[in-house]
Amino acid sequence: MNGINEKIKASQLTFLIISFIQGSVLLISLVDDITKQDSWMSMVSGFVVSVPFILSYAFLAKRFPGKNLIEINDIIYGNTIGKIVSIFYLLFFLLLLAFNFGDIADFFNGYIMPETPKMVFIVVFALICAFAVKRGIAAIAKASLLTAIFTIAAVIFTTILLIGEMDFSNFQPMFESSAKEYLQVSHIMFCLPFGEIIALLMITQHMKNDKKLPRTMVWGTGISALIFLAIVVRDTAVLGASITIFSETSYQAVRMIDIGEFLTRIELLVALNYTASLFIKICVLYFVTVTGVSQLVRAKSSTPLILSLGSIVIVLAMVSFGSTIYRNEWGYKYAALFATPFTAILPPLSLLIAKIRKLPNTGGVRQ
Amino acid sequence: MFGYIKKIRRYLSTKNQPDSKKEPKKAAAKLSLFGSLDKNLALFKEYLGESSDVIVKEFRLGGDARTRGALLMIDGLVNNEIVDLAILKPLMYDTGFKLKTDSGALDIDSISKGFLSSHEVNKLSAVGEMLHDVLSGNTVLLVDGAKEALSVGTRKWEKRGIESPQTETVVRGPREGFTETLRINTSLLRRKIKNPNLRLEALKVGRQTKTDVCIVYIKDIVKPGLVEEIKIRMAEIKTDSILDSGYIEAYIEDAPYSIFSTVGNSERPDTIAGRLLEGHAAIIVDGSPFVLTVPMVFIESFQTAEDYYIRPYYATSLRAIRLFCYFITILAPALYVALTTFHQELIPTQLLFTMTAGLSGVPFPALVEALIMVVMFDILKEAGVRLPKPIGSAVSIVGALVIGQSAVTAGLIGPFMIIVVSITAIANFVVPAQSDSISLLRYFFLILAGLLGGFGITAGALFVLVYLVSLKSFGVQYLSPITPLSRQGMKDCFVRMPLWSMIKRPFMMTGKNNIRREPLDVSRRQKGEKDA
């Protein structure tokens with residue numbers, strides 16, 4: 001792969017994390033379904049819950065400088081169990097990859113081009129992602145800067161244009177949701193968008209300065225949480241109680257923009273935004289899966305794996321969900337539970353074991 | 001798939017390697033001259049053959065009728081006056097005594113020192129050197145009995161004078177441009193930068209053409225390691241001919257398969273001087289008015305020399321216009337096709353009614369319509385460049401009338417398509433440095449938009465983005481200073497900050513000598529204003 005030796009700087013990693021997390025922006029409408037006008041609070045609580053776990057990822061990476069998740073697993077759990085844990089992680093990433101490919105196809109098929117078969121979207125997108133993966137993670141990180149800035153600019157732009165439509169009484173009545181619902185949303189927010197950055201632990205050997213990692217990860221997650229918050233506040237203020245009806249709230253909110261009957265119907269901006277962020281997310285997951293598998297089977301080069309793994313993922317993406325409704329059901333009932341072992345249980349456990357066993361044995365960096 | 005492409009690439013690269021047969025006359029370079037004039041002349045004729053422009057003037061040295069000499073030169077490349085008055089006249093009338101040393105051998109140095117009134121005289125002993133000097137316009141003097149020859153600088157040929165450049169014209173700024181002659185070009189740069197650190201390193205490239213190539217840089221400022229890298233890449237050039245700087249570009253660029261050029265060029269001495277002062281190196285090729293600069297970054301295409309001569313606000317707005325035009329010229333037809341074919345709901349309703357009215361009766365789908373018009377534009381553009389000037393206006397009238405009016409009246413093309421293509425066409429010429437990639441990208445996006453609408457355009461844009469971020473030019477990221485982001489670089493990127501605020505050289509050219517200006521102190525002037 002080109003530029004495989006090029007390192008990612010801390011600032012680039014921040015943008016990579018922002019774009020990566022923004023790839024899950026569609027999830028917000030699921031949250032809206034559960035906590036309704038209180039969603040903004042569940043966003044904040046979701047982020048607060050996530051911080052300790054994200055720190056545990058960062059400290060894990062910091063403890064084993066230059067090692068990625070698979071190598072860390074090998075050290076902590078020993079060769080056999082470590083390999084099994086790694087295989088589970090890789091399956092997790094592979095499934096995430098397939099689900100995200102399915103998401104992009106569902107979105108375009110459902111909202112923008114209903115007559116085009118889903119396969120077309122997945123194949124075209126997969127080819128471009130394969131090209132990006134071939135170019136290496138450094139190229140993906142550099143591209144993420146532009147997609148992240150585009151995301152932030154688009155959110156600010158649409159929010160300003162929607163100020164006229166906003167009605168802040170839409171937030172009332174406050175604290176209507178039950179504690180259980182808050183807990184559910186916090187769990188979803190942590191396990192799905194924020195927790196998935198565990199995938200970045202697979203590319204630690206490509207990062208320049210491991211010492212700044214905890215700060216960078218929290219910064220990146222924090223900015224993404226702020227963007228989510230802005231989106232939720234904007235959507236709730238604009239749409240009010242009707243946010244529960246729509247399955248894609250941002251898209252509906254931006255559709256309300258009407259400036260002098262000229263600047264109308266710019267919801268394509270949301271679609272572009274989503275596509276660009278999801279592109280980065282898919283590229284990272286794709287890269288991680290490909291390098292992980294090639295590391296596990298000790299392949300000389302991961303290049304031949306790109307297209308072969310890609311074709312598996314394409315098929316997986318096609319068969320994984322029967323319909324959008326099924327996908328949404330999965331999204332807010334089971335997805336978070338599915339991700340919990342990988343994002344919430346294993347990393348802190350690994351860190352704990354590493355501390356107890358005083359790993360790594362030679363020249364490890366103490367926190 | 002990638003493996004297959006790699007195989008093809010490997011095959012191509014082995015096929016394109018120049019045949020490494022030895023030049024038949026390579027021996028000539030090392031062969032030394034004989035002591036006899038007749039033998040030397042025979043040798044000379046053997047190598048040069050019977051070319052009509054080769055002049056061999058045999059004569060006897062004045063005062064000593066037994067010593068014969070000969071002048072070798074190429075008609076048209078030498079200055080006749082110098083040959084006749086400064087070489088032939090003193091040799092035929094004034095020499096004779098003191099030509100031989102005490103031991104009786106012929107002393108070639110005394111001719112050079114005593115009789116040739118020219119400032120450029122070199123001693124030669126190899127046949128190869130002699131041939132090269134004659135072919136590059138020098139006059140070579142052979143004397144019977146001497147194993148060495150004298151080469152006198154007599155180069156003069158008809159050349160184009162300094163004119164204002166055809167490309168990159170400016171409203172405000174110097175009007176001189178480079179010409180085809182290497183020496184004139186280097187003198188233009190010397191006049192701009194009167195600095196002993198301005199270095200001009202000469203090379204000869206091309207086995208048959210032996211073209212003079214000059215690497216120009218400022219010693220303390222140039223990016224460290226850059227000149228060495230250029231020399232390594234120049235040494236790797238194994239080709240018969242260098243006919244233009246484009247040949248060099250093709251051999252030294254980082255991404256030979258890319259549609260984006262990673263080597264900059266300019267016809268303007270002030271642009272080149274500016275880039276040299278930022279830490280770039282320039283490559284001047286004899287015979288080409290286009291001087292290459294490396295490394296090149298993408299944003300360079302949107303900067304012009306004039307940006308730095310006018311006020312920063314206006315310059316910034318011009319840059320915004322250029323960037324906007326770049327996107328318009330690539331994306332306008334694609335966006336039109338995507339909107340009318342897939343996303344009609346995004347067009348404001350009133351406009352949609354008007355457009356539908358205009359489109360009624362047009363027999364083609366939007367993609368075909370757009371392709372016809374874009375190809376038509378490319379045809380007109382190409383014809384306009386190649387046609388003789390008097391006919392050019394006729395073509396433009398026919399083009400404008402037939403395509404602009406008749407196509408709409410006949411109902412072949414919708415009127416909105418004409419507007420879109422006109423905007424595309426005009427915007428095409430705003431960013432000349434990227435003109436080759438623009439045209440290809442336009443077709444790329446157009447076809448993607450026709451097949452997949454907005455999704456196709458987005459996917460294509462992401463593809464191009466990933467491609468661009470992974471490009472490099474001589475170790476510099478192609479998209480810098482945008483990504484990787486640099487605050488210092490941003491001062492001269494989308495926004496052109498005031499000159500006095502650009503204190504450091506652009507980050508990608510970091511050397512030791514990084515400070516280029518002192519900040520401006522306006523406090524005295526502002527104080528004066530208050531007093532008055």
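This is a predicted model: local features need pLDDT of at least 70, side-chain atom pairs count only at pLDDT 80 or more; totals for chains, interfaces and linings use all residues.
Which side chain makes a polar contact with the side chain of Thr293(B)? It is the side chain of Arg275(B), at 3.0 Å.

**Around Thr293(B)**

- Thr293(B) sits in strand β10 of chain B, which covers residues 291–294.
- With a relative accessibility of 1%, Thr293(B) counts as buried, because the cut-off for that word is under 20%.
- Leaving out residues up to four places away in sequence, Thr293(B) touches several residues, among them Val263(B), Ile272(B), Ala281(B) and Glu300(B).

**The nonpolar cores**

- The largest nonpolar core has 162 residues, and the members that touch the most others are Phe93(A), Phe101(A), Phe279(A) and Phe260(B).
- This core lies between domain 2 (182–296) and domain 3 (312–473) of chain B, because both of them give residues to it.
- Beyond its neighbours within four places in sequence, Phe260(B) is in contact with residues including Tyr326(B), Leu441(B), Val464(B), Tyr467(B) and Leu471(B).
- A second, separate core holds 20 residues, including Tyr217(B), Ile230(B), Ile248(B) and Val263(B).

**Domains of chain B**

- Chain B is assigned three stretches: domain 1 (26–152), domain 2 (182–296) and domain 3 (312–473).
- The C-alpha centres of domain 2 and domain 3 of chain B are 35 Å apart.
- Where these two domains of chain B meet, nine residues of domain 2 are in contact with 11 residues of domain 3.
- Domain 2 and domain 3 of chain B bury about 920 Å² between them, with 67% of it from carbon and sulfur atoms.
- On the domain 2 side, Asp254(B), Ile259(B) and Phe260(B) supply 60% of the area buried against domain 3 of chain B, more than any other three residues.
- Between domain 2 and domain 3 of chain B there are three residue pairs in polar contact and zero salt bridges.

**Where chain A meets chain B**

- Here 35 residues of chain A are in contact with 27 residues of chain B.
- Four residue pairs are in polar contact between chain A and chain B, while the count of salt bridges is zero.
- On the side of chain A that touches chain B, α5 (79–112), α6 (118–135), α7 (137–162) and α11 (268–296) each supply at least two residues.
- The largest share of that side, 10 residues, comes from α6(A).

How values were computed: Residues are numbered from 1 along each chain as its sequence is written. Chains are lettered from A and ligands numbered from 1 in the order in which they are written. Side-chain values use heavy atoms; hydrogens and water are left out. A nonpolar core is a set of buried Ala, Val, Leu, Ile, Met, Phe, Trp, Tyr and Cys residues joined through side-chain atoms within 4.5 Å. Buried means under 20% relative accessible area, exposed over 50%, partly exposed in between (1.4 Å probe, protein chains only). Domain bounds come from an automatic or database domain assignment. Contact means heavy atoms within 4.5 Å. Helices (H or I, at least four residues) and strands (E, at least two) are DSSP runs, numbered from the N terminus. A polar contact is a pair of N or O atoms within 3.5 Å; within protein, one must be able to donate a hydrogen and the other to accept it, and residues adjacent in sequence count only if both atoms are side-chain atoms. A salt bridge is a side-chain nitrogen of Lys or Arg within 4 Å of a carboxyl oxygen of Asp or Glu. Buried area is the accessible area (1.4 Å probe) that two parts lose on being put together, summed over both.
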